[in-house]
Amino acid sequence: MSDNKILKSVDRKIFKTYFEDGLIDMFLAAFVLMFALGPFLSRPLGDFWASMIFLPFWGVVYLLLWVIRRRVVAPRIGSVKWGEMRKKKLRTGTIILFVINVIFLILGLVSFFAPIASGYAMSIRFSVMMLILFTAAGYMLDFNFLYVYGILAALAMPVGEWLYQTVGFSHHGFPVVFGTLSAIMFARGLYKFITFVKETPLQLEEPPIQGLNHD
Amino acid sequence: MTKDLAGQRELEKLEEIDPVIHSPTRLKVMTYLYLVENIDFVYLKRVTDLSWGNLSKHLTKLEEAGYVVMEKTFENKKPKTLIWLSDQGRQAFQQYKDNLQQIFEGLPD
């Protein structure tokens, strides 16, 4: 139905406008950084703690971005409370992404305790998981850039494995490929943030609206 | 005779189109408001790409018609205008959509 398409486009615009600041990219960069730095921590801390140590790191990054959002972005962009259509989509998306994450966590634990594959086989399994996760998130959240990140994340591990086997890069090439991916995400986020701040001057005060009491 | 009366009623649909909503700019504003619980003036201006003056003018008309509620609040000591569709506004928007659908339903290409 054509009017339905228009409503969907309007809803998408309202939602996407909220995230024009590039902060999501920066948070994803922090997430991917775990795969780049984790291998260096595996030896002293063990695989489990080398991953767990990133939880407080993500917490700090999240808090920092939240403060930026509140202090810099919100006064420029204003505020909105989603309508029922978007809330429903977000609820469905959250459930689907949660289920995908639980499945991946189980698969991860199975691989951790009973490794059956190594090298390229492991890389491809990880690639498929990354592709599914990013594609589902991109579809649910209407963010096209997540598809591109999904492809890059899916390519990262096989490329890293190739670099490890042919060039001799350390740690299966993880620090190089995921470090690069994290840098790409961060650079895009920073570019978007700077552009957003430049193009959206701070509105010191709303102009009076005719008929509305602004005393 | 019955057919004439029915036809007359159908023709009246054309005149039932709400002129307050029918303006392109107000239709745009109403569509955005229809899809949110509430929105502040700054965000609405950004998504509709309207100027302060233009948006303010059309919101005032919608408020006068009872379709929109505007409430001035304060956030960090700064004034902020929250806007949302009233129940009357939601009904009027639905009615507007139904009327247009009836008019254009089955229109030959």
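**Figure 1. The end of helix α2 in chain A of a predicted model.** Just after α2(A), A:Gly46 adopts a positive phi of about 90°. Within the helix, which spans residues 23-45 of chain A, there is a bend of about 50° at A:Gly38. A proline, A:Pro39, follows this bend within four residues.

**Figure 2. The buried residues of α2(A) and what covers them.** Among the buried residues of α2(A) are A:Leu23, A:Asp25, A:Met26 and A:Leu28. Others on the list include A:Val32, A:Leu33, A:Met34 and A:Phe35. Their cover includes α3 (47-52), α4 (54-77), α7 (145-167) and α8 (174-199) of chain A.

**Figure 3. A:Arg125 in helix α6 of chain A.** This helix covers residues 120-141 of chain A. A:Arg125 counts as partly exposed because it has 16 C-beta neighbours inside 10 Å, while a buried residue would need 20 or more and an exposed one 12 or fewer. In sequence, A:Arg125 and A:Met157 are 32 residues apart; in space, their C-alpha atoms are 9.6 Å apart.

**Figure 4. The contact of chain A with chain B.** Chain A brings 25 residues to the contact and chain B brings 26 residues. On the side of chain A that touches chain B, the elements giving two or more residues are α1 (2-17) and β1 (80-82) of chain A. The most comes from α1(A), with 7 residues. By class, this side of chain A holds 10 nonpolar, 9 polar and 6 charged residues.

**Figure 5. Strand pairing across the two chains.** β1(A) is joined by 3 bridges to strand β1 (residues 36-40) of chain B, and the two strands run antiparallel. Opposite A:Val80 stands B:Ile39 in β1(B).

Definitions and conventions. Residues are numbered from 1 along each chain as its sequence is written. Chains are lettered from A and ligands numbered from 1 in the order in which they are written. This is a predicted model: local features need pLDDT of at least 70, side-chain atom pairs count only at pLDDT 80 or more; totals for chains, interfaces and linings use all residues. Two residues are in contact if their C-beta atoms, placed from the backbone, lie within 7 Å. Ala, Val, Leu, Ile, Met, Phe, Trp, Tyr, Cys and Pro count as nonpolar, Asp, Glu, Lys and Arg as charged, and the others, Gly among them, as polar. Two strands pair if DSSP finds at least two bridges between them. The bend at a residue is the angle between axes fitted to the seven residues ending there and the seven starting there.
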